[in-house]
Every structure is written in C-alpha cells, then in structure tokens.
Amino acid sequence: MNKEDSSKEKIKQALISTIKVISEDYKIEKKEENKKSKSNNYNFFELENLNKKEDYIRIRAETDSEALKRKFSNKNIYQKNLPNKSSCKLLYDISEKIRYEVLGSKMLNGISKNLKDNYSHKILHKKKDKLKSKDDVEISEAFELFMLKNFLELKLNPLSEKILSFWQEEFNNSFNKHIKFLSENLENQEVYNTKFSEILQNM
C-alpha cells in the first residue's frame, strides 16, 4: 500500500468510526455479531477527489448525514408513506433528509457546522446563466432551498433566493400553514412523513 492509499484508508476508517458513534451502529454490531447487518455497509465513500478544503467539508457533511439517516430514519416508515406520484418522490426524499439532518444539528454543534458549511458552499457555487422563468429552475433544486431556509434555517445568497423565488408562491401556498406542525414533529417520523406525503400529493 502506497502513502496515498494509506492516507485514504486512515480517512475512511475515521469516517466509519464517526458513523458508528453518531448512528450507534456499534450497538447493532454487538447484538448481531453473527448476522450480516445492513448497517455495516460503508461502501459509499468517495475519497478519490479530496484536494481542496471544500472536498473535506463535503465528505464530513456526507458522513454525518449518512450517520443521521441510520440513527433517525426508519426505512419501513419511509417506504410506507412514499407518495404515489413519481414527481413527488424526489421532494419527499429531500424532506426526509432535511428532517434527520435537523435532528442531528440539534444534537451536536459539530454536526450542525459540518452540514451548514457544506450547504453554504453548494449555494455559494451555484451557477445559473439563464434565469428568466420557472422553466429554468428544477423544482427539486428550489425545494431543497426552501427546506434549508425554513427548517435548517440556512441563510440563502441572492442567486439562491432568486432560484427559490420562481417556486416560492407554490411552496408557500402548500406548506406555510403546516411548517409549525412539521417542525414540532421532526422526532416523529411517522407523523412527519405522512403529512409531507399528503402535502406533496396535493400540490
């Protein structure tokens, strides 16, 4: 193993340790020592392009997000409430991701910083040459910004505000009266997923 491979392996092991601690996977492993547990699958890391500070911010945020998914997101509840409309499924996925990331942000300041730094970097580096109408903006991109602003309380820059603006009225009409209820039920995935699925299918 050369020096570069050795460094990547050390980074990978550190990230796996982070996931185990945050998600409490080590408890699952202890209970299921002789079983093949899905929680032991850590083959999602992409360590090939870690060249800049922003790359390390991204990998830390992705690691935290994966750990929070394992800790807070029940796959059966998620699947049960999956919207029937295929156009809603991506938005539903974004809503669940933000839910468990908000819970993690409340749990540890370090997680909050990693997630917000990464989203801020993504927002800062958005490039849009042509923004004249709603047709120029993917609804999923605008919806992620809406969720980040309203649930993770992330400050958007002018370009992101403009991207969101094309869909803001629809989102406000569908979600504004439910934001308080959803925020109060972040820890109750069943209630949160059910309500989001209902809202999305009625949009």
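Ground rules first. The model is predicted, so local features need pLDDT of at least 70 and side-chain atom pairs count only at pLDDT 80 or more, while totals for chains, interfaces and linings use all residues. Residues are numbered from 1 along each chain as its sequence is written, and side-chain values use heavy atoms, with hydrogens and water left out.

Let's start with a helix pair. Helices here are DSSP runs of H or I, at least four residues, numbered from the N terminus. Take α3, residues 53-72, and α6, residues 109-124. Their axes come within 8 Å and cross at roughly 125 degrees. Axes are lines fitted to C-alpha atoms over the stretch in contact, and angles run from 0 to 180 degrees between N-to-C directions. The pair is therefore oblique. That label covers what is left after roughly parallel (under 35 degrees), roughly antiparallel (over 145) and roughly perpendicular (65 to 115).

Who makes the contact, meaning heavy atoms within 4.5 Å? On α3, the list includes E54, I57, R58 and L68. On α6, it includes G110, I111, L115 and H121. By class, the α3 contact with α6 has five nonpolar, five polar and five charged residues. Nonpolar here is Ala, Val, Leu, Ile, Met, Phe, Trp, Tyr, Cys and Pro; charged is Asp, Glu, Lys and Arg; the others, Gly among them, are polar.

Next, the cores. A nonpolar core is a set of buried Ala, Val, Leu, Ile, Met, Phe, Trp, Tyr and Cys residues joined through side-chain atoms within 4.5 Å. Buried means under 20% relative accessible area, exposed over 50%, partly exposed in between, with a 1.4 Å probe and protein chains only. The largest core has 35 residues. F143, M147 and F175 touch the most other members. The largest share, seven residues, comes from α5. Leaving out residues up to four places away in sequence, F175 touches F143, F146, F196, I199, L200 and M203. A second, separate core has eight residues, among them I19, Y100, I111 and L115.

Last, two loop residues. K132 sits in the loop between α6 and α7. K132 is exposed, at 71% relative accessible area. K132 and K162 are 30 residues apart in sequence, and 9.9 Å apart C-alpha to C-alpha.

E153 is in the loop between α7 and α8. E153 is exposed too, at 64%. What is the phi of E153? Near 55 degrees, a positive value in a residue other than glycine. Most residues other than glycine have a negative phi.

How values were computed:
Contact = heavy atoms within 4.5 Å.
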